[in-house]
Every structure is written in C-alpha cells, then in structure tokens.
Amino acid sequence: MRRLLKTAAALGIATLCSFGLATAGHAEQRIAYKSAKTGTSYYQMGVELASAIKAGSKGDTILTVEESQGSVQNVMEAAVRSGNYVFTSPPGLVENAMAGTGPFKNRPKESFATIRALFPIPSLTMHFVMRGDQRVDRFSDMAGKTILLGKGSFGATEGEKYIKLFGLEGKVRIASAELGNAADALKNGQIDGFVTAGSFPAPNLVEAAASMPVSLVSLTDDQIARTGRLKQIIPAGTYAGVDKDVATTFLPVEAFTTTAMDEETAYLLTKTFWQQKAALGDQAPWWKAVTPDMLMMTKVRLHPGAVRYYQEAGIQIPEGMR
C-alpha cells in the first residue's frame with residue numbers, strides 16, 4: 001500500500017511538473033517574422049521591432065527575424081506556414097495574392113484567403129539619388145547618366161517603371177550590379193546615381209551622403225499622378241547636403257499574419273507594438289511616421305485579435321476590415 005501511495009505521489013509530482021513546464025512554455029510566444037534581405041532598412045526594422053516586442057512583453061513574446069528575398073516570397077510562404085507567422089508586404093501585393101493576380105496568377109487564391117493585417121510599419125519611399133556634382137534636379141536631367149537599379153527588389157522594379165514612364169528608356173545606362181554596392185560605386189565614380197526604395201533616412205544613402213555631395217531628384221505633381229502612387233515629401237535636412245524638400249512617391253507596408261495565429265497572440269502583439277512605438281521612434285526616426293491612419297491604406301481584413309485591440313484603444317477602423 002505504501003508503495004502504491006509513493007507511486008501515486010510520484011506520478012502526481014511528475015504531472016504537476018509537466019503542467020508547470022507546459023504553462024511556462026505557453027507563456028512564451030515565439031513568432032517567426034519574415035522581413036527582407038539582411039543589410040536592408042526593413043531587416044533592420046525587424047531587428048528593432050523584435051527588441052521592442054521582447055521588452056514590451058517582458059520576454060513573453062519573442063520575434064525571430066528571418067531573412068527573405070522580398071515581399072513576394074513573404075506572401076507566398078503565408079500559404080504554407082502554420083502557427084505564428086508574421087510577414088511584411090505592401091498591402092497591394094497581398095490583395096493580388098487573394099485575388100489570384102500579378103505574381104500569384106498561377107497560384108490558387110484560396111491559399112491566401114486566411115491572410116490578415118496586424119499593424120502598419122514604415123513605408124517604402126522612392127529615392128532617386130545622384131552625385132552632387134551632376135546638377136540633376138529633374139527626372140529628365142538623368143538622360144545620359146549611368147544609374148544603378150539593383151535586381152529583384154521593389155525599388156528596382158519601380159525605378160525601371162519610372163524610367164519607361166517618363167521617356168528615359170534607352171537614354172540612361174543601367175549599371176549591372178547589386179544595390180548593396182551603390183554607395184561605393186557612387187563614391188568611386190562608377191555610376192552617376194542609384195535608385196533605392198526604403199523608409200527614410202535610408203542607410204545606404206546616409207552612408208553615401210556622409211562622404212560625398214549627393215542630391216535627390218524631385219518629381220512633379222503630374223509625374224507622381226502618372227505613377228499611380230501616393231505623394232511623399234522627404235523633408236529638407238533628412239540627408240547631409242540635401243537642403244530642400246524632395247517630392248517623391250511611397251508605397252504603404254504592413255505586418256500581416258494568418259488566421260492560424262490565435263486571437264490572444266495577435267491581440268498582445270498588436271497592443272505591444274503600439275505601446276512600444278514611441279520607444280521605437282526614439283531609436284530610429286522612420287518609426288515616427290507610422291500612425292493608425294495608415295490602416296486605411298489597405299483592403300485586407302484585420303486579424304480579430306488586432307480588431308479587439310483597436311476597438312479597445314478607440315481607433316476607428318472601417319467595417320469591411322473587421
């Protein structure tokens with residue numbers, strides 16, 4: 001009998017220990033965060049966000065930042081990833097996936113039907129960077145110049161689109177190199193300018209402007225309208241030597257997940273992000289531009305957990321996004 005009681009007691013202790021471990025394991029949420037290539041502003045944002053979420057949740061929520069080759073890959077993976085998967089993308093790309101258009105026209109759109117929005121992050125702002133001694137103020141002044149677009153990125157695709165749209169196709173030389181080499185190539189005189197898309201201040205442009213005179217090409221309102229994008233003003237003084245406002249375009253970017261993430265996790269993640277946003281802005285200026293109004297730039301529905309937070313915070317969201 002004593003032996004049976006000892007055995008029962010041992011089993012009880014083991015069960016309690018097991019329960020305790022399970023509870024502790026449940027308390028710490030691990031979330032995969034798919035961002036961009038290492039070395040880019042968006043990968044850096046992912047690292048900053050992971051640090052802020054960990055601090056704001058007192059270590060209960062851990063974001064593991066994963067490198068990616070871009071937003072298309074991020075959205076593609078949403079169709080096959082399970083559990084706590086968060087990724088960044090322009091909302092329009094997610095809308096394409098859900099409609100089965102664009103890069104996703106050969107993919108079953110049902111695979112992307114469970115994607116839901118969480119919160120906005122800093123936008124993709126187009127930068128047309130030129131050597132300061134080139135005296136290039138307008139887009140047409142780029143004719144005859146050697147421009148680095150990079151490969152495979154949104155900035156490269158958008159830059160090529162603008163070159164065609166504004167009649168410069170065949171009038172500029174496109175350098176064949178990776179965008180990561182842009183600052184050095186500009187300093188060495190191998191190129192006259194480069195195109196990059198990222199939230200300002202863009203790290204590669206900060207690097208270039210710190211060691212040589214640079215300028216930014218400003219677009220006219222008519223040119224901006226022709227692109228179909230939204231207007232963005234890069235304030236004077238954002239970059240060394242650029243002492244006037246620059247008009248360009250931008251594309252909103254958001255953090256998304258899927259309905260595989262439970263409501264409580266989505267709620268806590270969204271709440272922690274907004275509670276930590278001021279601290280993020282103190283760490284890196286690009287976070288200061290993020291506002292709840294940016295939620296209106298998408299037609300993608302919000303995750304129920306995110307909806308819960310926005311309702312509690314008194315942030316108005318369209319009925320169709322709930």
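The buried residues of helix H10 are covered by elements that include strand S4 (115–131) and helix H9. Contact here means heavy atoms within 4.5 Å. Helices (H or I, at least four residues) and strands (E, at least two) are DSSP runs, numbered from the N terminus. The model is predicted, and local features need pLDDT of at least 70, side-chain atom pairs count only at pLDDT 80 or more, and totals for chains, interfaces and linings use all residues. Residues are numbered from 1 along each chain as its sequence is written, and side-chain values use heavy atoms, with hydrogens and water left out.

Helix H10 spans residues 304–313, and its buried residues are Gly 305, Ala 306, Val 307, Tyr 309 and Tyr 310. Buried means under 20% relative accessible area, exposed means over 50%, and partly exposed lies in between (1.4 Å probe, protein chains only). Just after H10, Gly 314 takes a positive phi of about 75°.

The protein as a whole has 10 helices and 10 strands. Its C-alpha trace spans about 95 × 40 × 40 Å along the principal axes. Of its 322 residues, 48% count as buried. Among contacts with a separation of 6 or more, 73% come from residues 24 or more positions apart.

Aromatic rings come next. Rings of Phe, Tyr and Trp (its six-membered ring) pair if their centres lie within 6.5 Å; planes under 30 degrees apart count as stacked, over 60 as edge-to-face, and the rest as tilted. The whole structure holds 12 aromatic pairs. In one of them, the ring centres of Phe 273 and Trp 274 are 5.0 Å apart and the planes meet at 75°, so this pair is edge-to-face. Phe 273 and Trp 274 are both buried. Tyr 309 and Tyr 310 also form an edge-to-face pair, at 5.5 Å centre to centre and 65° between the planes. Tyr 309 has a relative accessible area of 11%, so it is buried. Tyr 310 is buried too, at 0%. One aromatic cluster is formed by Phe 119, Phe 273, Trp 274, Trp 287, Tyr 309 and Tyr 310.

A charge can also sit over a ring, which requires NZ of Lys or CZ of Arg within 6 Å of the ring centre and within 35 degrees of the ring normal. Arg 308 lies over the face of Tyr 267, 3.8 Å from the ring centre.

Helix H9 (residues 263–283) contains Leu 269. Leu 269 is buried because its relative accessibility is 3%. Leaving aside residues up to four places away in sequence, Leu 269 touches Ile 31, Ile 53, Leu 63, Val 86, Leu 118, Phe 119 and Met 261.

Lys 277 also lies in H9. Lys 277 is buried yet has no salt bridge, and the nearest side chain of opposite charge, Asp 282, is 9.2 Å away. Lys and Arg count as positive and Asp and Glu as negative; His and the chain ends are not counted. A salt bridge is a side-chain nitrogen of Lys or Arg within 4 Å of a carboxyl oxygen of Asp or Glu. The Lys 277 side chain does reach the backbone oxygen of Val 290, at 3.1 Å.

By the salt-bridge rule, the count comes to 16. Glu 66 bridges to Lys 34, with the closest N and O atoms 3.5 Å apart. This pair links distant parts of the chain: Glu 66 is in strand S2 and Lys 34 in strand S1 (residues 29–34), 32 residues apart. Glu 66 is partly exposed at 23% relative accessibility, whereas Lys 34 is buried at 7%. In another bridge, Lys 231 joins Asp 221, with the closest N and O atoms 2.9 Å apart. Lys 231 lies in strand S9 (residues 230–234) and Asp 221 in helix H8 (residues 221–227), so the pair ties together parts 10 residues apart in sequence. Lys 231 is partly exposed, at 44%. Shared partners join Lys 34, Glu 66, Glu 77 and Arg 81 into one salt-bridge network.

Ser 68 sits in the loop between strand S2 (61–66) and helix H3 (71–78). With a relative accessible area of 1%, Ser 68 is buried. Residues touched by Ser 68 include Lys 34 and Ser 35. A polar atom of the Ser 68 side chain lies 3.2 Å from the backbone oxygen of Ser 35.

How values were computed: Polar contact = N/O pair within 3.5 Å; in protein donor to acceptor, adjacent residues only side chain to side chain.
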